[in-house]
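Reader: Could you walk me through this structure, feature by feature? I would like the general idea each time, and then the case at hand.

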Number of protein chains: 2
Amino acid sequence: MLGEPIRDRRSERHERTKAEILDAAWEIARAGGLAGLTLRDVARKVGMRPPSVYSYFASKHAVYDAMYAQGCREFLGRVSRLDLTGDPLRDLTTGAWIFIDFCVEDPARYQLMFQRTVPGFEPSAESYALAVQALESLRAGLVKIGITAPEALDMLTALTTGLVDQQISNDPGGDRWLKLVDEAMEMFLAHMRSRTHRKVR
Amino acid sequence: MLGEPIRDRRSERHERTKAEILDAAWEIARAGGLAGLTLRDVARKVGMRPPSVYSYFASKHAVYDAMYAQGCREFLGRVSRLDLTGDPLRDLTTGAWIFIDFCVEDPARYQLMFQRTVPGFEPSAESYALAVQALESLRAGLVKIGITAPEALDMLTALTTGLVDQQISNDPGGDRWLKLVDEAMEMFLAHMRSRTHRKVR
DNA sequence: GTGATAGTCCTAATCGTGTTAGGAGAACCG
DNA sequence: CGGTTCTCCTAACACGATTAGGACTATCAC
């Protein structure tokens, strides 16, 4: 019962160390792949013995979960900084680029957040709520652009995901891939328009 | 130097056991995920002690490699069984479905072959040659359909990959996803046509 | 101050992995 | 038969995540 005040004072340092551990984890994951992440390496990088990490995270999965949540917050921040011009193609493209950049600039993060590849890892309810919030925010942006039908969202998701995958695993020469992304956005918009026409007819 | 004849006689049994191990590995990977695959479990399933597996495969990666090669052969077989009607949309759709089905019906296999997610795994040169052959064969089929430009191939790859990812990780209700795939093929073909027009003009 | 308490970090040990060493026995060849 | 190869085993190692338990420190109530 007396622990509360202690916690309040110390928590600052605690949180700082926690962040330091998380930073180390990201660095290692980026360098050696998500699956290559090791608590031992993390501990070494922050100057601890492996078991000491457990003073900050209950398990390796808890570290993954914190990384997941951090990724969600970063993503949410970027989405909310987006502002629209009113030109559908332009807006769609910049919107898509937010997602695509986010994924491509850090494949380890992409793998953690969007591909389910870490053996027993499931984000906690708390972290998952963040993810839902982020995707919700993205969807709201798309609605403003005029993309409302669920099938359209599915299609756009598939398309962008596929582009990201291609960049991460094949990496065609930078320029070629950039053009591909733009062309894909054009294709998608043209398709959306043709569908509207069909319905009108 | 005298080993050859022995090897010839015994190899039959050897190959059979090897296949049995591989089957066990697939079964375990399908059930518990690719990363959940354990040599100990494999050994148990075929009634051996773990180290005995090393009489058949040099390492766990060698097992992965054999699975990879097996996947390539299966894929190649399906591609070569494809026959074309001459109707581009129809042919494209059936062709795409070969790839999509192949991926979706066994996510573990998809992960092994197309997502680079197993920590230190790289297919051997031999297995990789099989993969190249399979993709080459697929490309030849697409050329027959009329899809020749590399950008078109990139686009189609991205699109199908994205559709597969969506099915594996989200699984929207079966019917909805099936429609999405068909619509994507339509969209792609329409886009191809519009590009041709632009060039002609 | 003193003593209790919480927080941090350590060493030692457990358990589950892949993997190696080394040997026993069967199958096979001459 | 004698030698060779193959198959499988037990023992052991290295390296992961964890847990147990203790020392030391910072804090708090008094």
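This is a predicted model: local features need pLDDT of at least 70, side-chain atom pairs count only at pLDDT 80 or more; totals for chains, interfaces and linings use all residues.

Reader: Thanks! Which rotation superposes chain A on chain B?

Author: The general idea is to superpose the copies by least squares on the C-alpha atoms of residues with pLDDT of at least 70 in both. Here a rotation of 180 degrees, with 0.0 Å of shift along its axis, puts chain A on chain B with an RMSD of 0.1 Å. That is the relation of a two-fold axis. The residue of chain A that comes closest to the rotation axis is A:Gly162, its C-alpha lying at 1.9 Å.

Reader: How many residues of chain A are in contact with chain B?

Author: Contact means heavy atoms within 4.5 Å. By that rule, 28 residues of chain A are in contact with 28 residues of chain B. The copies meet through the same surface, because 100% of the interface residues of chain A are also interface residues in chain B.

Reader: And what is the area buried between chain A and chain B?

Author: Buried area is the accessible area (1.4 Å probe) that two parts lose on being put together, summed over both. For this pair of chains it is about 2,500 Å², and carbon and sulfur atoms give 59% of that. A:Met155, A:Glu183 and A:Met187 supply 24% of the area that chain A buries against chain B, more than any other three residues.

Reader: How many salt bridges does the rule find across the interface of chain A and chain B?

Author: A salt bridge is a side-chain nitrogen of Lys or Arg within 4 Å of a carboxyl oxygen of Asp or Glu. Across the interface of chain A and chain B there are three. One of them joins the side chains of A:Arg176 and B:Asp154, at 2.9 Å from N to O.

Reader: Which elements give two or more residues to the side of chain A that touches chain B?

Author: Helices (H or I, at least four residues) and strands (E, at least two) are DSSP runs, numbered from the N terminus. The elements in question are α5, α7 (150-169) and α8 (174-200) of chain A. The largest share of that side, twelve residues, comes from α7(A).

Reader: Is B:Arg195 buried, exposed or in between, and what does its side chain meet in a salt bridge? Which class does that partner fall in?

Author: Buried means under 20% relative accessible area, exposed over 50%, and partly exposed in between (1.4 Å probe, protein chains only). The side chains of B:Arg195 and A:Glu183 meet in a salt bridge, at 3.2 Å from N to O. This pair crosses between chains, from helix α8 (residues 174-200) of chain B to helix α8 of chain A. B:Arg195 counts as partly exposed at 23% relative accessibility, whereas A:Glu183 is buried, with a relative accessible area of 10%.

Reader: How many salt bridges are there over all chains?

Author: A search of the whole structure finds 22. Among them is the one between the side chains of A:Asp41 and A:Arg44, at 3.2 Å from N to O. Both residues lie in helix α2 (residues 39-46) of chain A, three residues apart, which is about one turn of the helix. A:Asp41 is partly exposed, at 28% relative accessibility, and A:Arg44 is exposed, at 59%.

Reader: Which residue does A:Lys179 form a salt bridge with?

Author: The partner is A:Asp175, and the closest N and O atoms are 3.8 Å apart. A:Lys179 counts as exposed, at 55% relative accessibility.

Reader: Now for helix burial: which residues of α5(A) are buried?

Author: They are A:Ala108, A:Arg109, A:Tyr110, A:Gln111, A:Leu112 and A:Met113. Six of the eight residues of helix α5 (residues 107-114) of chain A are buried, so this helix is largely enclosed by the rest of the structure.

How values were computed. Residues are numbered from 1 along each chain as its sequence is written. Chains are lettered from A and ligands numbered from 1 in the order in which they are written. Side-chain values use heavy atoms; hydrogens and water are left out.
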